[in-house]
Amino acid sequence: MMEPRNSELIKKDILDALETVIDPELGVDIVNLGLIYSVDLKEDGLCIVQMTLTTMGCPLTNLLADMVERSMDGIAEVKKVEVEFVWEPAWTMDRMTSYAKMALGIH
C-alpha cells in the first residue's frame, strides 16, 4: 500500500493543477489572476474550491467550474471537486500576481 502523502504536497499539486486552468477571456491562469480564494481537501477526498470571477454574472461560470474539476483528475487524493463561487471580498486587480499583471500589460 502506498504511503499517504503529506498534505502540503497534495495542496501544491492542487494549486499546480489549478494553474493549468486558463481564463478564456484573459488568457492567464486563475491562480495568478487571484481568482482562487481557498482550497479545502476533506479527509473523504472532497476538494472544495472557493473562487471568484473578474466580473459578477460572467457567462463563463459553468465552463470555469468544469475546467477546475477536470484539472484535478490526476490527483489521487481528490475524489470529488465542488466549486463554490464567492463574491465577497470582490475581486480586484490587486489580487493578481506580478506575472499576471505582466502578461496582461498592467504596470
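Modeller: Start with a definition. Buried means under 20% relative accessible area, exposed means over 50%, and partly exposed lies in between (1.4 Å probe, protein chains only). The model is predicted: local features need pLDDT of at least 70, side-chain atom pairs count only at pLDDT 80 or more, and totals for chains, interfaces and linings use all residues. Residues are numbered from 1 along each chain as its sequence is written, and side-chain values use heavy atoms, with hydrogens and water left out.

Colleague: Why is Asp40 called partly exposed?

Modeller: Its relative accessibility is 33%. That value lies between 20% and 50%, so the label is partly exposed.

Colleague: Where is Asp40, and which residues does Asp40 touch?

Modeller: Asp40 is in strand 1. Helices (H or I, at least four residues) and strands (E, at least two) are DSSP runs, numbered from the N terminus. Not counting residues up to four places away in sequence, Asp40 touches Leu46, Cys47 and Ile48. Contact means heavy atoms within 4.5 Å.

Colleague: What makes the pair of Asp40 and Lys42 a salt bridge?

Modeller: The definition asks for a side-chain nitrogen of Lys or Arg within 4 Å of a carboxyl oxygen of Asp or Glu. Here N and O are 2.7 Å apart, so the pair qualifies. Lys42 has 37% relative accessibility and counts as partly exposed.

Colleague: What makes the pair a polar contact too?

Modeller: A polar contact is a pair of N or O atoms within 3.5 Å. Within protein, one atom must be able to donate a hydrogen and the other to accept it, and residues adjacent in sequence count only if both atoms are side-chain atoms. The side chains of Asp40 and Lys42 meet at 2.7 Å, so they pass the distance limit.

Colleague: How many salt bridges does the structure hold?

Modeller: Three. One of them joins Lys12 and Asp16 at 2.7 Å, N to O. These two residues sit four apart in helix 1, so about one helical turn separates them. Lys12, at 46% relative accessibility, is partly exposed. Asp16 is partly exposed as well, at 34%.

Colleague: How do you know that Glu82 and Lys80 form a salt bridge?

Modeller: Their closest N and O atoms are 3.8 Å apart. That is within 4 Å, so the pair counts. Glu82 is partly exposed at 31%, and Lys80 is partly exposed at 48%. Side chains of opposite charge can pair when their charged atoms come close.

Colleague: What makes strand 1 and strand 3 the edges of the sheet?

Modeller: The sheet is open, with three strands in the order 1-2-3 and mixed pairing. Strand 1 (36–41) and strand 3 (80–85) each have a single partner strand, so one side of each has no neighbour in the sheet. The twist averages 15° from one strand to the next.

Colleague: Which strands do the helices lie across?

Modeller: Helix 1 (residues 7–18) lies across strand 1 and strand 2, at about 135° to strand 1. Helix 2 (residues 61–71) lies across strand 2 and strand 3, at about 145° to strand 3. Axes are lines fitted to C-alpha atoms, for helices over the stretch in contact, and angles run from 0 to 180 degrees between N-to-C directions.

Colleague: Which residues does Met67 contact?

Modeller: Met67 is in helix 2. Leaving aside neighbours within four places in sequence, Met67 contacts Val21 and Ile22. Met67 and Val21 are 46 residues apart along the chain, yet their C-alpha atoms are separated by 6.2 Å.

Colleague: Is Thr52 buried or exposed?

Modeller: Thr52 is at 1% relative accessibility. That is under 20%, so Thr52 is buried. Thr52 is in the loop between strand 2 and helix 2. Its side chain reaches the backbone oxygen of Val86 at 2.8 Å. Beyond four places in sequence, Thr52 touches residues including Leu35, Tyr37 and Trp91.

How values were computed
Pairing = 2+ DSSP bridges.
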